[in-house]
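Here is a short report for a reader new to this structure. Look at the chains first, then read on.

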Amino acid sequence: MDFQYTEEQQLLADSVARLVEKRYDFESRQRIVASHAGHSDEAWRELAGLGLLSLPFAQDDGGYGGGAVDLIGTMEAIGAGLVVEPFLSTLAPAGRLVACCGSAAQRAALLPAIIDGTLKLAFAHGERGARYTLSRVETRAGKAGEGWVLNGEKVAVLHAPMADRLVVSARTAGVPADEAGIGLFVVDAQAPGLAMRTYRTVDNLRAADLVLKDVKLPAGALLGEAGGALPAIEEAVDFAIVLLCAEAVGAMRYANEATLEYLKTRRQFGVPIGSFQALQHRTVDMTISAEQARSITYLACARVDAAARGEIDAAERRRVVSAAKVKVADAARHVGQEAIQLHGGMGMTQEMKVSHTFKRLAMIAQQFGDAEHHLERFAAADSGAGRTAG
Amino acid sequence: MDLNYSAQELAFRDEVRAWLDASIPADLRDKVLNYRDLAKDDLVRWHKILAKKGWVAPSWPREWGGTDWSPVERYIFEEEYAYAGAPPIVPFGPTMCASVLLEFGTEAQKRHFLPRIYHCDDFWCQGYSEPGSGSDLASLKTRAERHGDHYVVNGQKIWTTLGHYGDWIFCLVRTDASSKKQEGISFLLIDMKTPGITVRPLILLDEGHEVNEVFFDDVKVPLENRVHEEGKGWTVAKYLLGHERLNTGRIGASKRELLKLKEYAAHAPKDGRPLLDDPRFRDKVSRVEIELMALEITNLRFVDEMRRTGRIGAEVSMLKIKGTEIQQAITELLMQAAGPLAQAFRPIDYEGFDGFTASIAPRYFNFRKTSIYAGSNEIQRNIIAKAALGL
């Protein structure tokens, strides 16, 4: 048992944190989100330059061969700095689906480009009315000669506007909500028949709703088996969830540090407001929420990696990942709301970074399923009489 | 980062688990698991079994009977111990008084008291709180006046847990009324058979007798029963506060109780289906379970910090806060699971009466104590705010 990062992990986490601090301070970040593209190619190149995009991919594919645990420090720094670049979207679920479902040829074509930063991906999966149910896919993939033709609509595809390619889920058989019958396709963002309505999200990321109308794909666009993609999608989404939790842990750390600093400097009635017990106890509860979220994030990252190594089964992975998402969602809302309350009127303004952290935390709480969704999934994955809670 | 126990630690866990399984007398385990009162004889009997095994005081130095376990092994032991349904080792002797003696006691005091504590020849209790001194402990008023080779003690202590079983009591008393409130306090060991001591039960809202008032009326205490210098009692008290705080989360016990709650709710019918499958109820159980999963890791993070650095920060108070919130939530949900049956209380001696169900509501009421005792959760928040956050 050891809760320290290895020297290598620590060095990497430090260099990401330094990069974010230097290149992604709040003012720079605000300039980036206000720009037309809504992201920074320069920052992206620098992130890629640190080797971060190689972390979760196998050494045979040119990666570092790490897991979720190796990415905790990076995601924390991204969360603390409110980095809007498509780091997570590229790595997971999309990149992970390429890595796990792709043929040798597909992996060779895509993964080195992901790793060196020249290929950005997004995962086009969610549909209107699907809410968080991963099997609810209506978009259709029909056979057309050797290839495929896709028809349907996708909503709220994060980072789609800046993606070079999309990993798109579509039904090759069955009806919406069938577990079988879902396939995955790699689609060029410029493909004829693919229309994107792009927008800014409330937390200043970029996203798009997609309409796919007779999008023709070659046979080689299919990732893995036609119709058998759901287990891989679930795994890749679980991987993304635990990284998102780590991002939230970083964001909560920032929110708590900023709030504490504010309590020590803001004076009313002739004293720092942090001398008031009513505020002290609330600050302590924010700290506890954030530490509990950090703990369960560590656990979930470790379990996702253990599942990938075959040491635990998918049900146990689901149980722990959902537990983490519930706790992180609850903590994110608690810490975010309290940070605003304790900053008073200033917390309500656009000028404070903490206000933007709050918005990001609120969206993280719902991304890939809110607390209620994951409570349901947690209960469903419970085998009953587990000896250990952990 | 590696969240798993080492092979050696796992082997240790298996050894502890197997021994506890084989060694806890069935009648005692039954009492613990069914929330029944443990008599003094029960506690002493189990203490002596554990003493014989050599596991009664793991944290003591080896020469006095400690086990030399690592912080991780001690944590594993505590967790297995609580999970197994073993009667508690009442902490006032082995954990509290002994820690004070080991740090501040004279050789004579150690040689006399430590072996007797180890084997439970004396049953110890704690004389800290007074009617006017709860969270503000340093305002205590019980006086000890020096007369030749002894003190004469007058005053009153309250919330004395198991005082009615006590052979000895360690007390904070005021030896100098003229100095500032934290100064002028001394730490005395008092034989409860001394004339002038009266123990009066305080019955709690579950009608249980666990705490008492203890009155001191011209009680003579030999000078050699003072630990540390006169007037340095507050130093001793503060030392104790910082001691043994890695197990206040009570993870093992809460795991066991959570499992019991789930089993109970799985057999409690609601419209012909298990209550546990009712989403409104299940979500409440799940949130507690998830909080406990997180707290286990939080606890292990503190254990790891202790192992690496030999010390832990004031943030460790969060284990007490969260741990007690979880314990209380479980008792509350169990009471909810019992539904209308939770009303039944006493008598419990007619055939077919579900004694376990009848003990659920009293336990809920009783467990409100956990966020009050051992430094209320509000005091714990003060500690974190001041010592960890710098507010």
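## Domains

Domain bounds here come from an automatic or database domain assignment. The model itself is predicted.

Chain A is split into domain 1 (7-120), domain 2 (122-223) and domain 3 (230-381). The centres of domain 2 and domain 3 of chain A, taken over C-alpha atoms, are separated by 29 Å. Their contact draws ten residues from domain 2 of chain A and ten residues from domain 3 of chain A. On the domain 2 side of this contact in chain A, four residues are nonpolar, four are polar and two are charged.

Chain B is assigned domain 1 (7-89), domain 2 (124-231) and domain 3 (251-388). In chain B, the C-alpha centres of domain 1 and domain 2 lie 30 Å apart.

## Where the chains meet

Chain B puts 34 residues into the contact between the chains, and chain A puts in 32 residues. On the chain B side, four helices each supply at least two residues: α8 (251-267), α9 (279-309), α10 (317-338) and α12 (377-388). Which helix gives the most to this side of chain B? α9(B) does, with 17 residues.

The side of chain B that touches chain A can also be sorted by class. It has 19 nonpolar, three polar and twelve charged residues.

## A helix pair in chain B

Helix α1 (residues 7-23) of chain B packs against helix α4 (residues 71-83) of chain B. Their axes come within 10 Å and cross at roughly 30 degrees. Angles under 35 degrees count as roughly parallel. α1(B) and α4(B) are therefore roughly parallel to each other. The crossing of α1(B) past α4(B) is right-handed.

From α1(B), the contact is made by Glu9(B), Phe12(B), Arg13(B), Val16(B), Arg17(B) and Leu20(B). From α4(B) come Val72(B), Glu73(B), Ile76(B), Phe77(B), Glu80(B) and Tyr81(B). By class, the contact of α1(B) with α4(B) holds seven nonpolar and five charged residues, with no polar ones.

## A hairpin in chain A

Strand β2 (residues 140-144) of chain A runs antiparallel to strand β3 (residues 147-158) of chain A, and five bridges join the two. One bridge pairs Arg140(A) with Asn151(A) in β3(A).

How many residues lie between β2(A) and β3(A) in the hairpin they form? There are two residues between these strands. In the turn, Gly145(A) has a positive phi of about 65 degrees.

Key. Residues are numbered from 1 along each chain as its sequence is written. Chains are lettered from A and ligands numbered from 1 in the order in which they are written. This is a predicted model: local features need pLDDT of at least 70, side-chain atom pairs count only at pLDDT 80 or more; totals for chains, interfaces and linings use all residues. Axes are lines fitted to C-alpha atoms, for helices over the stretch in contact, and angles run from 0 to 180 degrees between N-to-C directions. Angles under 35 degrees count as roughly parallel, over 145 as roughly antiparallel, 65 to 115 as roughly perpendicular and the rest as oblique. A crossing is left-handed if the near helix is turned anticlockwise from the far one by less than a right angle, and right-handed if clockwise. Two residues are in contact if their C-beta atoms, placed from the backbone, lie within 7 Å. Ala, Val, Leu, Ile, Met, Phe, Trp, Tyr, Cys and Pro count as nonpolar, Asp, Glu, Lys and Arg as charged, and the others, Gly among them, as polar. Two strands pair if DSSP finds at least two bridges between them.
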